[in-house]
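Hi,

Here is the structure I promised to pass on. Have a look at it first, and then read my notes below.

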Amino acid sequence: MTGAQLIELIVGGIAIGAIYGLIGLGFSMIIRATGIFHFAQGEVMMLGAMFGLSTERLLPLPFPALLAVGMIGGGVAAIVIELVVYRTLRLRRVPLMNIVIATIGMSILLQNGSLQVWGSEPMVYPKLFATAVYHVGPATLSPQSVWIVVLGIALVVLLQAFLKFTRTGLALQAAAQDSETAQLMGINLTRCTALTFGLAGAMAGAAGVLLGSLFFASFDMGFLPGIKAFVAATLGGLGSIGGALLGGIVFGLIETFSARWLSSGYRDAVGMGMLIVILLAFPQGLIGLFKRSR
Amino acid sequence: MTALLETNRLSRRFGGLVAIDDINIIINEGEVRGLIGPNGAGKTTLLNLIGGQIAPSSGHIFFAGRELSRERPDRRAALGVRRTFQNLRLFREMTVLENVMVGLHANTHAEALAALLGTRQQRTEENWMFEESARALALVGLSDRANNVASALAYGHRRLLEIARAVVAGPRLLLLDEPAAGLNLTESAQLVGLIRKIAVGGIAIILVEHHMDVVMNACTNITVLNYGRLLAEGTATEIRENADVIEAYLGYDEVEDGIEPKTNKLFPRR
Amino acid sequence: MRLVIGASHAIERRIGLFLTILLLAAAPLVYGQSYFLHIVSLAMISAIAALGMQLVLGFAGQLSLGQAAFFGIGAYTSALLTKTLGVPFPIAFLAAGIIAAISSLALAPITRLTGVYLGVATLGFTIIIHLVLLNEEWLTGGSFGILSIPWPNIGPYVLKGDRAIYYLCLVVMVATYVGISRIVASRFGRALRAIMLDEEAARASGINVTLYKSKCFVIAALVTGFAGSLFAGHARYLNPNDFTFWKSIEILIMVTVGGLGSLPGAVLGAFVVVLLPEYLRALDQWRLVIYGALLIVLMGTGTGGIVGLIALTARWFTEGVALSSRRIASRTRRAQL
């Protein structure tokens with residue numbers, strides 16, 4: 001393998017990894033705040049992609065606007081799902097297994113609802129940049145990949161800044177760590193949970209637009225990437241946003257490199273194999289391992 | 001005579017917090033050992049260490065001469081160490097009788113295949129489990145509620161059910177974690193009677209409890225913990241008058257303040 | 001609200017079982033059409049898989065999304081043995097179950113996991129098996145699948161035609177139902193329910209939780225493998241796309257819709273999921289959307305499913321009758337005063 005190919009693979013791996021990270025941090029945020037594994041997180045990503053695409057078909061907007069639309073769409077969808085469905089289930093104090101199965105139901109609902117609305121044909125996404133390619137040393141990089149990496153990391157950094165430096169962000173963190181005490185401090189738990197879902201949804205929506213621009217958009221684009229994003233988040237350390245990004249990038253690199261050597265038919269098997277290994281060997285993730293060794 | 005249960009330099013840390021520090025205790029057959037101490041003294045942690053719910057950070061636990069520290073909780077149960085839980089862990093959607101029958105799981109062997117074929121072993125075991133469970137329910141006084149769902153029981157009866165489930169297999173050591181919590185005076189007195197009956201039947205008991213009247217009346221010996229360490233050990237009378245114990249619970253030295261320790265309200269005489 | 005298993009209603013259950021068997025056995029004499037036999041056979045095959053799932057989810061409380069993998073392993077094993085090696089069907093049938101059960105042992109380390117993590121891990125297993133079925137063309141025919149699977153044969157008798165297959169499926173389904181009922185009512189079943197209700201307490205009572213979880217997975221895989229074998233003999237054509245995670249989710253829906261913790265519910269749920277779309281052709285497009293919504297709604301109202309609903313209605317009815325007769329009695333008394 002030449003140096004050029006190596007660089008291209010690395011960038012490609014980090015790009016897809018950043019996308020997984022964006023979706024995966026949503027898993028982490030939601031699990032930390034509510035204890036729920038949001039099975040439908042991948043579908044929220046798909047919705048972001050679809051909203052972006054539909055908007056583009058109505059009025060051709062520049063890419064940043066599409067990204068914003070996808071993020072808003074994903075965020076709003078997630079908030080609606082939380083307030084209408086999940087919150088109702090929590091108020092009814094149903095057993096945890098019920099909530100898990102309900103999120104599976106939500107995933108089915110969103111996928112097939114989206115199938116009805118947008119049809120089964122995969123849809124081509126407008127590209128981030130038309131033709132200009134970047135040259136880094138001997139490698140030729142598509143601007144897609146480079147900008148996905150940049151945008152992905154930027155979004156995560158912005159999110160972390162929001163959580164650490166704004167009042168609302170601190171409230172979200174407090175609510176996630178100890179909901180009872182947070183309420184005693186006057187924090188509105190319903191709003192915080194909804195906002196958590198909204199942020200997770202917005203990040204996923206952004207990931208949807210980015211993923212769409214990398215390949216294409218379709219009603220079932222959320223399922224497998226959703227599971228992989230969960231693997232990525234667990235790899236990094238479930239509950240940590242930075243961990244989700246780290247896990248995503250590592251996962252993306254592993255997947256991209258192994259796709260080169262394994263037959264393409266088993267590409268997804270790599271992720272699933274990793275999932276099982278991680279859950280069994282080190283469920284606390286890389287960050288958890290790092291903490292332990294200190 | 002080998003002790004039934006012996007801990008040797010048993011310690012348990014949670015991060016920086018030392019919950020149990022270098023505990024050496026010996027429980028003999030036929031004892032009813034009270035385990036008391038202020039909140040946070042490590043009583044439940046010690047019980048969890050013996051029961052196997054958590055592993056020690058260092059030290060050993062010996063049960064009938066056998067190293068227990070590496071055994072899973074279900075193995076310890078099979079060996080004869082049974083327990084109840086502070087927060088009640090019943091099988092709420094099973095009937096009272098079924099709850100107790102689960103307690104006999106380790107004493108029976110019929111697996112799925114035997115159940116499928118309806119072998120004689122399976123049928124004999126079911127009958128045996130039924131009879132033993134009925135006996136345990138009679139002991140605690142829940143016979144007439146055998147077919148009620150556990151979640152329908154009154155609180156006091158739930159506590160009794162958990163005890164029935166723990167004793168049905170005839171354990172050698174019974175760990176009771178605050179069995180009197182939430183019980184009124186009558187129920188507490190009945191509990192004392194039950195504990196005595198169980199002890200007479202040959203089961204050694206470790207009783208973690210805050211209700212001092214239950215402790216004083218049911219226990220032969222008492223171990224007092226404070227901040228994870230052994231503070232005092234002795235008979236009920238000795239502990240009642242021990243100045244260190246009084247100070248640990250009340251926080252001041254009664255003798256220095258001119259108060260007669262023998263009239264203290266914390267350990268009323270009966 | 002969960003259904004409580006006990007010695008209560010034992011006679012009603014026996015009668016219900018007997019009547020159901022009678023109904024299903026007599027149906028082909030009334031509705032002889034090939035299509036009807038075909039679809040009800042499929043429902044019965046699905047019911048067998050659903051019974052396995054009920055054991056794992058409804059009684060042991062483990063969310064397994066891996067049933068499709070065992071279904072596929074069983075189907076392909078049976079198909080390959082009968083078609084390529086000419087093995088008689090009864091042996092292929094047993095082999096299908098046994099190999100599926102053995103493959104579930106590969107999941108044994110996963111049974112340590114709980115809740116959603118177990119679900120996702122088993123889902124990953126399903127995806128891996130599906131990819132194997134899709135990629136290993138030399139063995140499974142890849143995306144072309146396996147065609148011309150021979151009719152099942154028992155000794156010298158070839159079970160040819162929809163009616164023969166129908167009765168074969170009926171016999172296996174009834175046998176599975178009776179078998180799983182016995183297992184559930186035994187010490188083994190109690191241990192599973194204890195694990196579902198409180199793992200910690202189950203351990204403290206002497207149950208080796210990990211071992212029992214593995215055992216119940218093995219039994220479920222065995223049963224699902226049998227179902228797969230029947231599926232191969234029934235459809236006589238296998239395609240990897242029948243064994244994706246969607247199949248696992250479909251089986252989950254069957255058990256949930258029927259009622260978690262109820263064996264009749266598993267069968268009922270399977271029949272509903274397989275038959276209803278056939279009678280609601282107009283809504284076929286929206287079928288999965290409805291299932292998704294149904295799953296959510298059902299989970300909001302407890303785990304009783306259809307069977308729970310029936311039980312509720314029955315109780316409301318009998319209490320209502322008792323209530324109204326009391327009212328009539330008191331009114332008559334007042335009138336007499």
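Two residues are in contact here if their C-beta atoms, placed from the backbone, lie within 7 Å. Keep in mind that this is a predicted model.

With that in hand, let's start with chain B. Of its contacts with a separation of 6 or more, 64% are between residues 24 or more positions apart. Chain B is built from 10 helices and 11 strands. Its radius of gyration is 20 Å, close to the 18 Å that the globule rule gives for 270 residues, so chain B is as compact as a globular protein of that length. Along the principal axes, its C-alpha atoms fill a box of roughly 75 × 40 × 35 Å, and 43% of the 270 residues are buried.

Next, where chains A and C meet: 33 residues of chain A are in contact with 33 residues of chain C. On the chain A side, helices H3 (63-91), H4 (96-118), H9 (223-236) and H11 (267-281) each give two or more residues. H4(A) gives the most, with 14 residues. By class, that side of chain A has 22 nonpolar, 9 polar and 2 charged residues.

Last, a helix in chain C. How far apart are the end C-alpha atoms of helix H12 (residues 263-279)? They are 24 Å apart, which agrees with the 24 Å that its 17 residues should span at 1.5 Å a residue. Still, H12(C) has a kink of about 30 degrees at C:Val273, shortly before the proline C:Pro277. C:Val273 is also one of the buried residues of H12(C), which include C:Leu263, C:Phe271 and C:Val274.

Cheers

Notes: Residues numbered from 1 in each chain as written. Chains lettered and ligands numbered in written order. Predicted model: local features only at pLDDT ≥ 70, side-chain atom pairs only at ≥ 80, totals over all residues. Helix = DSSP H or I, 4+ residues; strand = E, 2+ residues; numbered from the N terminus. Nonpolar A, V, L, I, M, F, W, Y, C, P; charged D, E, K, R; others polar. Expected span 1.5 Å × (residues − 1). Bend = angle between axes of the 7 residues up to and from the residue. Buried ≥ 20, exposed ≤ 12 C-beta atoms within 10 Å, placed from the backbone. Rg over C-alpha atoms; globule rule 2.2 N^0.38 Å.
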